[in-house]
Structures are given as structure tokens and as C-alpha cells.
Amino acid sequence: TNQTSSGGPRDFHEMVSVSSLEWGPFDEFLQATYEARCTQDRPCPRGTCPKTHHGCPCVQLGASPGLPVGYRLRRVVRIERAAKWRSYLQKRRTISDKRAAEAPPLQTFSPPLRSTS
């Protein structure tokens, strides 16, 4: 359990492998957000071209070796860190309280934002 001998929460920091049965939403997210776009941070795989604003000719879509045409999910790891989670909850509560006092209400997103929870 995540309890100390005094009964309070302890500061855990764990990496937990997520079962492949639960990968669906993560894979959907990868597929939905992929863009066939090359940027200058992708180096030339041959080491022959200089850094180029939209990537060198070697990493363009359809080139050789070219640009990846998508991503494949290989592993999902859930990181559990109690101290960071508590900090996040406190910050979220502060923002929520501040926003509740403001008008107009927060803008909704269309399409709705995606979450795994």
C-alpha cells in the first residue's frame, strides 16, 4: 500500500508498465496527431546535408530513407510520483477557484479535448 506506519500517504515514485489491453487510447492519440512534417531538428541520416529549415532532402516524405509515415506504440509506462501529483492537485484547485470567480466561464473546446481518464 501507499501508506506510512502513521497512516498517511508516503512519497512514492514508481514506473508501472501498462497492460497492452489498455493501449487503445494511447495508440489512437498517436495516429490522430501524426503529421507528415519534417523540421530542422531531424538530422540528415547520412550525415551529408547541413541543417535545413524544413529538413534536408533525405528526410522528406517519399525520399530515401525518407520521413516516417506514422508511429507505432511499443510500450506505455505510467509514472506515479506522489509529490508531483499533490503539487498538481493543489495548483489545479487554485486555478479552479480563481476561474470560478471570473466571468465569462471558460471556453469549451471543439472538438473536445481527449483524456485517458
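This is a predicted model: local features need pLDDT of at least 70, side-chain atom pairs count only at pLDDT 80 or more; totals for chains, interfaces and linings use all residues.

**Confidence first**

I then looked at the protein chain as a whole, which averages a pLDDT of 83, with 87% of the residues scoring at least 70. Going element by element, I found the highest mean pLDDT, 93, in helix α1 (residues 24-33). The lowest mean among the elements, 86, belongs to strand β1 (residues 13-17).

**Layout**

I noted two helices and two strands in the protein chain, and reading along the sequence I get β-α-β-α. Of the contacts with a separation of 6 or more, 53% join residues 24 or more positions apart.

**Cysteines**

How many disulfides are there? My count came to zero. I checked Cys 38, whose nearest cysteine sulfur belongs to Cys 56 and is 6.9 Å away. Cys 38 is buried, at a relative accessible area of 6%.

Cys 49 was my next stop: the sulfur of Cys 58 is the nearest cysteine sulfur, 3.8 Å away. The cut-off is 2.5 Å, so Cys 49 is in no disulfide either. With 25% relative accessibility, Cys 49 is partly exposed.

**Aromatic pairs**

I found two aromatic pairs in the structure. In one of them, the ring centres of Tyr 34 and Tyr 71 are 5.3 Å apart and the planes stand at 80°, so I logged the pair as edge-to-face. Both Tyr 34 and Tyr 71 lie in the loop between α1 and β2 (77-81), and the pair ties together parts that are 37 residues apart in sequence. Is Tyr 34 buried or exposed? Tyr 34 counts as buried at 18% relative accessibility, while Tyr 71 is partly exposed at 43%.

The other pair is Trp 85 with Tyr 88, which I logged as tilted: 5.2 Å centre to centre and 35° between the planes. Trp 85 and Tyr 88 sit three residues apart in helix α2 (residues 82-100), so about one helical turn separates them. I have Trp 85 down as exposed, at 52% relative accessibility, and Tyr 88 as partly exposed, with a relative accessible area of 40%.

How values were computed. Residues are numbered from 1 along each chain as its sequence is written. Side-chain values use heavy atoms; hydrogens and water are left out. Helices (H or I, at least four residues) and strands (E, at least two) are DSSP runs, numbered from the N terminus. Contact means heavy atoms within 4.5 Å. Buried means under 20% relative accessible area, exposed over 50%, partly exposed in between (1.4 Å probe, protein chains only). pLDDT is the predictor's confidence in each residue, from 0 to 100. Rings of Phe, Tyr and Trp (its six-membered ring) pair if their centres lie within 6.5 Å; planes under 30 degrees apart count as stacked, over 60 as edge-to-face and the rest as tilted.
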